[in-house]
Amino acid sequence: MVDYANLIDKALQAKKHAYVPYSNLHVGAALLCDDGTIFTGVNIENVSYGATNCAERTAIFKAVSEGKRNFLAIAVVSDMDRLIYPCGICRQVLAEFMVPLVVVSNQSGDYKVYSTDTLLPNAFTDFDS
Ligand code: THU
């Protein structure tokens with residue numbers, strides 16, 4: 001059973017570290033591994049906007065680079081009063097690492113839970129060469 005409120009809280013704490021000189025939108029993510037460890041991430045922007053890394057991918061890349069491969073859920077929060085949904089690139093990365101659940105929250109902790117399959121139906125997952 002995933003403690004959604006705790007995961008959201010970790011994401012809310014993390015978002016203060018967001019590097020957002022261009023959008024000023026602080027985004028935080030918290031990724032729960034199957035061993036109970038949690039990796040947080042923030043969005044890290046760049047003057048060349050396309051080089052920006054979203055909070056979700058930061059959390060996933062931190063975890064994978066520390067040897068984690070099995071995930072239970074990711075929470076994502078921002079400064080906004082409404083829920084924040086992962087971008088298309090992040091959805092593809094969520095599919096790659098089979099993060100099954102995405103908890104989208106506002107800054108008050110109101111949330112909804114989606115399966116990654118719902119957010120990215122018919123994901124591109126493999127190919128024949
Ligand atoms: N952003 C995220 O970090 N995660 C999302 O789910 C959506 C958007 C960031 C990217 C950029 O730094 C800022 O939010 C505005 O697009």
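This is a predicted model: local features need pLDDT of at least 70, side-chain atom pairs count only at pLDDT 80 or more; totals for chains, interfaces and linings use all residues.
**Ligand shell**

Residues are numbered from 1 along each chain as its sequence is written, and side-chain values use heavy atoms, with hydrogens and water left out.

**Polar contacts and cover**

Next I looked up polar contacts, meaning pairs of N or O atoms within 3.5 Å. Asn-43 brings a polar side-chain atom to 2.9 Å from a ligand oxygen. Ala-55 uses a backbone N or O atom, 3.0 Å from an oxygen atom of the ligand. Tyr-85 also has a backbone N or O atom facing a ligand oxygen, at 3.3 Å. On its own the ligand has 380 Å² of accessible area, and the protein covers 78% of that (Shrake-Rupley method, 1.4 Å probe).

Which residues other than glycine did I find with a positive phi? One is Asn-24, at about 60°, and another is Met-98, near 50°. I noted the background too: most residues other than glycine have a negative phi.

Asn-24 sits in the loop between α1 (4–14) and β1 (27–33), while Met-98 is in the loop between α3 (88–96) and β4 (101–105). Helices (H or I, at least four residues) and strands (E, at least two) are DSSP runs, numbered from the N terminus.

Are these two buried or exposed? Asn-24 counts as exposed because its relative accessibility is 52%, and Met-98 counts as exposed at 65%. The cut-offs are under 20% relative accessible area for buried and over 50% for exposed, with partly exposed in between (1.4 Å probe, protein chains only).

**A look at Leu-94**

Last, I checked Leu-94, which belongs to helix α3. Leu-94 has 1% relative accessibility, so I logged this residue as buried. I also looked up its separation from Asp-9: they are 85 residues apart in sequence and 20 Å apart in space, C-alpha to C-alpha.

Terms used:
A polar contact is a pair of N or O atoms within 3.5 Å; within protein, one must be able to donate a hydrogen and the other to accept it, and residues adjacent in sequence count only if both atoms are side-chain atoms.
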